[in-house]
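Me: I would like to learn how to read strand pairing, packing and confidence from a set of coordinates. Could we work through one model together, feature by feature?

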Amino acid sequence: MKYLRIAPHFVVKMGIQGLGVFATKNFKRGKTLFKLNGEVINHPTRTSIQIVKNKHVENIIGGYVNHSCKPSAKVNRRKKTFVSLRNIDKGDEITFDYNKNEDVLACPFRCRCCGRKIVGRKKLALKSKRGKRSYSAQHQSHHIHTR
Ligand SMILES: [Zn+2]
């Protein structure tokens with residue numbers, strides 16, 4: 001499979017962290033990219049997108065969108081849409097920051113661009129309460145493990 005067309009303006013192909021969603025046309029900043037239609041469930045999965053507490057949508061396009069710490073898009077929870085955060089060119093990958101949108105990730109992982117642990121914003125909040133010293137110690141050990 002070279003790519004799979006999943007919507008008129010989007011294809012799925014190999015991206016920065018595995019399969020990802022790529023635009024096949026240009027979008028201006030602040031535009032609705034697609035709607036999060038789909039089944040709503042009460043717990044997160046590997047592919048779900050959180051829209052409110054305990055509500056997660058399984059959307060065909062959204063399920064393939066990769067995480068980035070410098071994302072090209074974000075979730076508009078009220079409208080249940082993906083919105084571009086900058087001008088997106090044809091061929092650009094659509095990404096969003098999982099740590100900003102998801103409370104808890106079903107499958108936490110290490111970000112490939114920066115090595116940060118992507119766990120969800122609730123777990124991040126817990127971590128920062130534990131104090132800076134233990135956080136930085138933990139951070140350093142990450143680097144030793146990843147190099
Ligand atoms: Zn990162």
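Predicted model: local features only at pLDDT ≥ 70, side-chain atom pairs only at ≥ 80, totals over all residues.

Me: How many bridges hold β4 and β10 together, and which residue stands opposite phenylalanine 34 in β10?

Reply: Strand β10, residues 81–84, pairs with β4 in the antiparallel sense over three bridges, and the residue opposite phenylalanine 34 is phenylalanine 82. When you follow such a strand, remember that in a regular strand the side chains alternate between the two faces of the sheet.

Me: In what order do the strands of the sheet containing β5, β7 and β6 run?

Reply: The order is β5-β7-β6, again as an open sheet of three strands with antiparallel pairing. The edge positions belong to β5 (39–41) and β6, each pairing on one side only, while the twist averages 35 degrees from one strand to the next.

Me: How should I read the link between β6 and β7, and which residue there takes a positive phi?

Reply: Look at the bridges and then at the turn. Strand β6 (residues 49–52) and strand β7 (residues 55–58) run antiparallel and are joined by three bridges; valine 52 stands opposite lysine 55, and isoleucine 49 has valine 57 as its bridge partner. The hairpin leaves two residues between the strands, and asparagine 54 takes a positive phi near 65 degrees.

Me: Turning to packing, which residues have the most contacts inside the largest nonpolar core?

Reply: That core has 23 residues, and those with the most contacts inside it are Val21, Leu33, Ile61, Val65, Phe82 and Ile94. At least two core residues come from each of β2 (10–15), β3 (18–23), β4 (32–35), β9 (73–76) and β11 (93–96).

Me: Is lysine 90 buried or exposed?

Reply: The way to decide is to count C-beta neighbours, and lysine 90 counts as exposed because it has 11 of them inside 10 Å, where the limit for that class is 12 or fewer. Lysine 90 lies in the loop between β10 and β11. Lysine 90 and lysine 25 are 65 residues apart in sequence, yet their C-alpha atoms are 4.3 Å apart in space.

Me: What can be said about the protein as a whole?

Reply: The protein has three helices and 13 strands, and 24% of its 147 residues count as buried. Among contacts between residues at least 6 apart in sequence, 50% join residues at least 24 apart.

Me: Where is the pLDDT below 50?

Reply: Start from the average, which is a pLDDT of 87 for the protein, with 85% of the residues scoring at least 70. Over residues 132–147, however, the pLDDT is below 50, and this stretch has six contacts in the model beyond near neighbours in sequence.

Methods. Residues numbered from 1 in each chain as written. Core = buried A, V, L, I, M, F, W, Y, C linked by C-beta atoms within 7 Å. Buried ≥ 20, exposed ≤ 12 C-beta atoms within 10 Å, placed from the backbone. Helix = DSSP H or I, 4+ residues; strand = E, 2+ residues; numbered from the N terminus. Pairing = 2+ DSSP bridges. Axes fitted to C-alpha atoms, helices over the stretch in contact; angles between N-to-C directions. Contact = placed C-beta atoms within 7 Å. pLDDT = per-residue confidence, 0-100.
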